[in-house]
Amino acid sequence: MKLNNSQYDTIMRMYDAKQSHARAVQSARYEEINARLPEYDELRKETAAISAEAARAALRGDMTKREKLSDKLASINEEKRILLSSAGYPEDYLDLHYECPLCNDTGFVGGQKCRCFKQAAIDLLYNQSNIKKILLLENFSNFNYDWYSEDYIDPVSGISALENIVNVTKDVNSFISDFPSGQNLLFYGDTGVGKTFLTHCIAGELLGKGHSVLYLSAIDLFDLFSKYAFDNDSEADYRDAFSQILDCELLIIDDLGTELVNSFTNSRLFYCINERILAGLSTIISTNLSLEELMNTYSERIFSRLTMSYGIHKIFGDDIRLKKLKP
Ligand SMILES: [Zn+2]
């Protein structure tokens with residue numbers, strides 16, 4: 001989907017607000033330092049005077065003087081640094097601190113949209129504000145191995161729920177640290193065993209590292225596909241309408257199998273996961289369906305993409321939703 005003019009303006013206004021915020025924080029910090037360390041302010045004034053003098057010397061072509069002045073500047077800057085740190089402040093306390101260090105909250109790097117701009121577009125077009133709220137609660141710092149019992153043994157693999165989740169989180173951690181690697185993950189298992197919680201953990205970690213992540217339930221994904229069904233079915237139309245779904249660094253499809261499955265959804269799902277595999281972009285799918293049910297529900301080519309290109313993890317154990325409630 002493309003941003004319309006007013007959505008584009010909304011994003012640019014957000015950047016303006018971020019920049020004003022960074023400047024306001026900086027000037028408040030200057031005021032604080034001036035009040036607490038008046039000698040810092042003296043040094044700052046001295047720096048300004050010397051810089052102006054150095055500029056004048058350079059204009060006159062007096063390079064010897066200019067060099068002397070820049071040595072002096074360096075030593076005053078060092079004095080300022082020591083003064084700040086001896087008062088317990090970090091060295092960069094008075095710098096402008098932008099939310100996105102790549103584009104300094106302008107949204108653009110070298111004339112191209114920054115990845116934070118792409119994420120802002122995803123958030124706006126796909127209404128990701130709910131999921132952002134959930135990520136504050138469902139993340140690795142709130143993940144608890146105690147939810148998985150040592151006594152719950154999977155009859156097929158013979159391992160315990162705890163041993164299994166330890167293995168799964170190991171793979172999840174390497175998925176995160178190797179990202180972007182083009183790896184894909186499929187979590188399957190009964191309702192309430194923590195599949196969605198895990199996908200939330202991954203989404204939160206990668207968003208925190210500045211990657212673009214689009215989180216959609218299978219129902220929402222197929223709703224979008226049917227909303228933008230084109231008469232002529234041209235590839236270019238699809239690419240355009242679903243650019244974020246096809247191009248975001250990580251697409252998470254939650255609860256696959258809850259949508260109404262038919263030949264339309266089958267062909268769209270194949271298109272989506274296949275395009276992403278070809279582009280080397282990661283996708284994570286969670287589903288309550290067993291592998292056998294997946295095979296029977298979706299086309300053979302979808303099932304073969306899943307088994308060939310996805311790291312498949314069964315999650316099992318007790319219903320963690322009940323355990324999460326216990327203190
Ligand atoms: Zn940025």
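**Entry: ground rules.** I am looking at a predicted model, where local features need pLDDT of at least 70, side-chain atom pairs count only at pLDDT 80 or more, and totals for chains, interfaces and linings use all residues. I count residues from 1 along each chain as its sequence is written. My helices (H or I, at least four residues) and strands (E, at least two) are DSSP runs, numbered from the N terminus. My axes are lines fitted to C-alpha atoms, for helices over the stretch in contact, and angles run from 0 to 180 degrees between N-to-C directions.

**Entry: domains.** I looked up the domain assignment, whose bounds come from an automatic or database source. It gives domain 1 (5–86) and domain 2 (126–325). Taken over C-alpha atoms, the centres of domain 1 and domain 2 are 47 Å apart.

**Entry: α6 and α7.** I started my helix pairs with α6 (residues 161–178) and α7 (residues 195–208), whose axes come within 10 Å and cross at roughly 25 degrees. The two helices are therefore roughly parallel to each other. I noted the crossing of α6 and α7 as right-handed; a crossing is left-handed if the near helix is turned anticlockwise from the far one by less than a right angle, and right-handed if clockwise. Which residues make the contact? From α6 they are V172, F175 and I176, and from α7 they are L198, I202, E205 and L206. I call two residues in contact if their C-beta atoms, placed from the backbone, lie within 7 Å. By class, I find six nonpolar, no polar and one charged residues in the contact of α6 with α7. For these classes, Ala, Val, Leu, Ile, Met, Phe, Trp, Tyr, Cys and Pro count as nonpolar, Asp, Glu, Lys and Arg as charged, and the others, Gly among them, as polar.

**Entry: α2 and α3.** Next I took α2 (residues 38–60) and α3 (residues 63–86), with axes that come within 9 Å and cross at roughly 160 degrees. That angle makes α2 roughly antiparallel to α3. The crossing of α2 and α3 is left-handed. Among the residues that meet, I jotted down Y40, L43 and I50 in α2, and L69, L73 and I76 in α3. The contact of α2 with α3 divides into ten nonpolar, three polar and eight charged residues.

**Entry: α1 and α4.** Helix α1 (residues 5–36) packs against helix α4 (residues 115–125) at an angle of about 125 degrees, and I read 11 Å between their axes. That makes α1 oblique to α4. I noted a right-handed crossing here. Q7, T10, I11 and M14 in α1 meet F117, A120, A121 and L124 in α4. I sorted the residues of this contact into six nonpolar, two polar and no charged.

Entry: Strand β3 (residues 185–188) pairs with β7 in the parallel sense over four bridges, and I found Y188 opposite K314 in β7.

**Entry: two backbone details.** I looked at P180 in the loop between α6 and β3, where a cis peptide bond joins F179 and P180 with omega about 0 degrees. My last stop was N104, in the loop between α3 and β1 (108–109). Phi of N104 is near 50 degrees, a positive value in a residue other than glycine.

Conventions
Parallel < 35°, antiparallel > 145°, perpendicular 65-115°, else oblique. Pairing = 2+ DSSP bridges.
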